[in-house]
Amino acid sequence: MIPAPFDHVRPDSLGAAVAALAADEDAKALAGGQSLVPLLRFRLAAPSTVVDLSGVDGLRGVADDGDALRIGALTTHHEVARDPLVAEHCALLAMAARTVADPAVRHRGTLGGSLAHADPAADLPAAALALGAEMEVEGPDGARTVPAPEFFADYLTTALEPGEVLAAVRVPKLTGWGFHYEKFTRTAQAWAVVGVAAAVRREDGAVAEARVGLANMAPVPVRAGEAERACGGAAGAEDLRAAGALAQGAGSPPSDLNGGADYRRHLAGVLAGRALARAAGMEAVQA
Amino acid sequence: MPDIRVTVDGVRYDDQVEARRLLVHHLRRLGKVGTPVGCDTSNCGACTVLMDGVSVKSCTVLAVQADGSRISTVEGMAADGAWHPLQTAFHRRHALQCGYCTPGMLMAASDLLQDNPDPTEAEVREGLEGNLCRCTGYANIVAAVLDAAAEMRADGPAAAQAPAGRTPVGGGAA
């Protein structure tokens, strides 16, 4: 379908973008457009103004910022997937980015766009949550930083207020940790029925600390706290599969055409165990 | 209405477009009807083109987002009347049935091969995961892409760069 008419503006600074968004309560920010353009085309979204962020300098790229990486909101999935700093310090984000849709979508889709769209089945919000990411938000009242658990407020809803723009994502360095993203889909390029983002820190051959972020197990990405706590001291894949099984209890999974809530709980338990064992290097990853 | 300037298969086009116009519709209005509208849901990949050298689904890009960019469509694949190795391989391997997905398959495959000139079968399937063939003729498509990859490697890096790296041709305003 052809989208409903809208005005298109392409500001050349973050300040001008914020002003344009604040000036029209029905305005929408456009990053890569891989979520927004389909919504426009289905007329599920009909903003009066589309504020195209592509003209704003400094919103793209990965920078070393001490104990964290600062990733510009307009950095594409393709770029995140191949970035050497991301690979060194928070490879989980790259692993999740590589599973998003298909190559053409990954060329255009952006990290910031995916997080701000906040689809519960999206891969990057779960990874960002597990990594302890913080969102750098720019708005009419200045800049503020929002931690991931507060950023994802509800189904397709974030803590972004009218006029605010997600400018960058700060991802703490988890150098030396092991990571794995496990995604269950019905078909190639489909959304996750359930996705599991796992991060594991090992000490002396055993797991010292673990984090598990779940996609599509609630209206927002959630951590599987019980499973995380049960990982401490795990020395083998069997221990981690048992710990991961506790992810069944996390969240409040939806029932839809792709699976019922019970099925999703079962999947979360199995996939979390697998993701943890693979993140810890205790189970081989299939090619 | 916004003014946009897009170079398509080496020819520059300056136009005024409605902000809501999709790139695929813009291309077709320019007469570049080799790029079809497929599913119109961002799923099927029939409308895949290269934008500044990388694959995009042209139904999922606004024409205004393509302002200033260089687009390569299936119509620019053959150079000086000679088919691209991918086109030859698709013909030889009978990699199309109804043909509707073929322009997108060719463009997605050319993106894949410029990135990875020596893919495994699994990598070809993964590289084409965003392109659907409703005739389900995937086996021959994958075989054709592997054939073309081998041929392009044998012909050297110049062939592997086409079409994205080819010098623009055509008589548009410079």
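View 1. The C-alpha centres of domain 1 and domain 2 of chain B lie 21 Å apart. Domain 1 of chain B covers residues 3-76 and domain 2 covers residues 85-161, with bounds that come from an automatic or database domain assignment. This is a predicted model, in which local features need pLDDT of at least 70, side-chain atom pairs count only at pLDDT 80 or more, and totals for chains, interfaces and linings use all residues. Residues are numbered from 1 along each chain as its sequence is written, and chains are lettered from A in the order in which they are written.

**View 2. Where the domains of chain B touch.** In chain B, 15 residues of domain 1 are in contact with eleven residues of domain 2 (C-beta atoms, placed from the backbone, within 7 Å). On the domain 1 side, strands S3 (48-51) and S4 (54-57) of chain B each supply at least two residues (strands are DSSP runs of E, at least two residues; helices are runs of H or I, at least four; both are numbered from the N terminus). S3(B) gives the most to this side, with three residues.

**View 3. The elements of chain B.** Chain B contains six helices and five strands. Their order from the N terminus is β-β-α-β-β-β-α-α-α-α-α.

**View 4. The contact between chain A and chain B.** Chain A contributes 25 residues to the contact and chain B contributes 23 residues. Among the elements of chain A that each supply at least two residues to its side are strand S1 (7-9) and helix H6 (103-108). H6(A) gives the most, with five residues.

Methods. Two residues are in contact if their C-beta atoms, placed from the backbone, lie within 7 Å.
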